[in-house]
Amino acid sequence: MTARQRLARTRRAVVGGTVLRAGLVAAAVGLTLLAGVAALDLVQGVPLDARSALRGTAILAAVVAGAAALLPLRRGTTLPRVALWVEERRPDLRYALVTLAEREGEGQARGEHRELLEQHVETVRWEPLTRKALARAMLVPGLVAAASAALLLVMPAATLARIATPQPGDAAIRRGLRDEVVSAIEVLSATVTPPAYTGAARQAIDEPSLVAALAGSRLELRGRGSAARVAATIDGRRLSVYGSDGRWSITMPVAGRPFAILLRDSTAGAERIVAVEPRADMAPRVTLESPVRDTVLRSPTGRIALQATVLDDFGLAALRFEWIVSAGEGENFTFRSGSVAFAGGSARSRAITGSLSIDSLQLTPGSMVHIRAVARDNNAVSGPGEGVSETRMLRIARASEYDSLAIEAAAPPEADKSALSQRMLIMQTEALEKRRPRLDRRTLVREATAIALDQSRLRKRVGELVFQRLTGEDSGEHSHDDLSPEELM
């Protein structure tokens with residue numbers, strides 16, 4: 001094997017040894033910092049913010065140290081440089097190896113000189129010394145990395161979890177060299193698990209005093225100490241406290257009303273209160289974008305564009321456009337209804353569009369079409385919640401209106417567009433009365449309340465029209481400051 005071939009093999013060993021040493025240096029720096037934080041947490045506990053910051057610092061320091069250990073490769077690992085590195089450790093080569101590396105690289109080596117240099121280099125074995133030098137370079141970082149890794153391996157699993165994945169609520173699982181506590185409710189953490197239909201992640205809270213949670217969630221309180229020492233009550237009702245491995249926990253559902261949990265430590269005589277504030281899943285918010293306003297049509301032909309936007313807290317289950325066609329006069333009305341449904345999904349906002357053919361409704365002069373958008377959410381706890389947009393009305397003009405001064409040049413005024421006729425309210429009430437045996441109390445109250453609100457708006461609108469016709473005033477709800485009570489009566 002020629003001197004150049006031996007030198008090339010040494011060059012590959014130097015490059016590989018440098019890369020391996022850089023990896024050991026990075027591991028040693030990172031593992032040492034993590035082991036130090038873990039040891040400190042084991043002794044006295046490290047706050048969540050500090051653990052999160054130190055974990056990122058350890059990773060950054062490891063990357064920087066590894067990059068610094070690779071700097072020799074950037075300066076170059078050419079054959080002449082490797083030859084100089086070998087000559088520093090074997091002076092008896094007398095620069096023969098460097099001369100061969102430089103001249104062969106330039107193509108200037110002469111035959112007789114080369115033979116003499118090759119013969120001299122062949123008598124010197126530098127490979128064992130090179131291996132020892134590389135091993136010494138990797139010894140210190142390798143030992144430090146191994147010691148730090150061994151220290152982390154003997155740490156409790158809870159400590160490693162707190163360092164590797166620091167998160168709120170892990171104070172109750174800390175294992176320390178002195179794990180006894182003065183009070184079993186001194187260290188407290190809470191975990192809120194939202195209902196499955198929301199798709200929301202669990203929330204952990206350290207040292208909670210007020211917990212805001214969606215109604216239907218499950219709340220778990222955890223602490224360190226014996227479960228036999230802890231008593232928990234809500235409005236005098238005692239809760240079950242479970243204990244395991246020196247830890248205690250309480251699990252309860254979050255109902256629809258606010259409540260407070262009173263915690264007592266029977267041994268230490270300490271008390272603590274955790275307030276829980278349920279938050280309701282709001283019904284979808286529906287806005288009807290088109291038609292923009294109530295409209296009077298000259299003839300029952302054409303198409304009406306429908307467009308609505310829907311927003312919800314956690315996702316929409318179903319959406320639809322609804323319409324009711326009413327025809328007749330006085331109390332003799334006929335009604336027909338229809339709808340167009342759209343699939344929901346997990347999206348929290350959505351725009352729906354469609355169109356309504358006026359020709360297909362078979363309208364006659366005087367007929368009215370009431371249009372609205374309806375959305376239902378995925379609430380499987382207290383719902384589903386239903387949101388309804390404002391109602392728009394389309395009316396077909398009668399032939400007698402064209403020669404009358406009652407025709408309005410503009411669209412109807414912005415009155416209460418969701419007000420239903422008295423006949424429609426009566427029909428809704430009769431339908432609700434028939435369904436009452438099959439409805440639960442909450443649904444019955446909700447639908448009855450909606451009818452009552454529509455009745456109130458209709459009564460107010462009729463009052464405004466009566467007072468406007470009789471007195472010329474805009475509203476029936478006004479004061480008579482200039483009249484005495486007797487004159488007013």
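**Terms and values in a predicted chain**

Mentor: The chain holds eleven helices and 19 strands, where helices (H or I, at least four residues) and strands (E, at least two) are DSSP runs numbered from the N terminus. The model is predicted, so local features need pLDDT of at least 70 and side-chain atom pairs count only at pLDDT 80 or more, while totals for chains, interfaces and linings use all residues. Residues are numbered from 1 along each chain as its sequence is written, and side-chain values use heavy atoms, with hydrogens and water left out.

Trainee: What makes Ile250 count as buried?
Mentor: Buried means under 20% relative accessible area, exposed over 50%, and partly exposed in between, with a 1.4 Å probe and protein chains only. Ile250, which lies in strand E8 (residues 247-253), has 0% relative accessibility and therefore counts as buried. Over the chain, buried residues make up 35% of the 489 residues.

Trainee: Which residues is Ile250 in contact with, leaving aside its neighbours within four places in sequence?
Mentor: Contact means heavy atoms within 4.5 Å, and on that basis Ile250 is in contact with Leu219, Glu220, Leu221, Ala232, Leu239, Ser240, Val241 and Leu263. Of these, Ala232 is 18 residues from Ile250 in sequence and 8.2 Å from it in space, C-alpha to C-alpha. Ser249, not counting residues up to four places away, touches Glu220, Leu221, Arg222, Ser240, Val241 and Tyr242.

Trainee: How do you know that the span of helix H2 agrees with its number of residues?
Mentor: The expected span is 1.5 Å times one less than the number of residues. For the 22 residues of H2 (residues 48-69) that gives 32 Å, and since the end C-alpha atoms are 32 Å apart, the two agree.

Trainee: Why are the buried residues of H2 said to line one face?
Mentor: The buried residues are Arg51, Ala58, Ala62, Ala65, Gly66 and Ala69. Seen down the axis of H2, they fall within an arc of 95 degrees, so they line one face of the helix; the arc is that of the directions from the helix axis to the C-beta atoms. Asp49, Leu60 and Val63, on the other side of H2, are exposed. The buried residues pack against helix H1 (3-43), helix H3 (71-74) and helix H8 (157-164).

Trainee: Why is H1 called roughly antiparallel to H2?
Mentor: H1 and H2 pack at about 160 degrees, with their axes 7 Å apart, the axes being lines fitted to C-alpha atoms, for helices over the stretch in contact, with angles from 0 to 180 degrees between N-to-C directions. Angles under 35 degrees count as roughly parallel, over 145 as roughly antiparallel, 65 to 115 as roughly perpendicular and the rest as oblique, so H1 is roughly antiparallel to H2. Residues making the contact include Ala22, Val25 and Val29 of H1 and Ala58, Ala62 and Ala65 of H2.

Trainee: What makes H1 roughly perpendicular to H4?
Mentor: H1 and H4 pack at an angle of about 85 degrees, with their axes 10 Å apart, and that angle makes H1 roughly perpendicular to H4. Arg4, Leu7, Ala8, Thr10, Arg11 and Val14 in H1 meet Leu79, Val82, Ala83, Trp85 and Val86 in H4.
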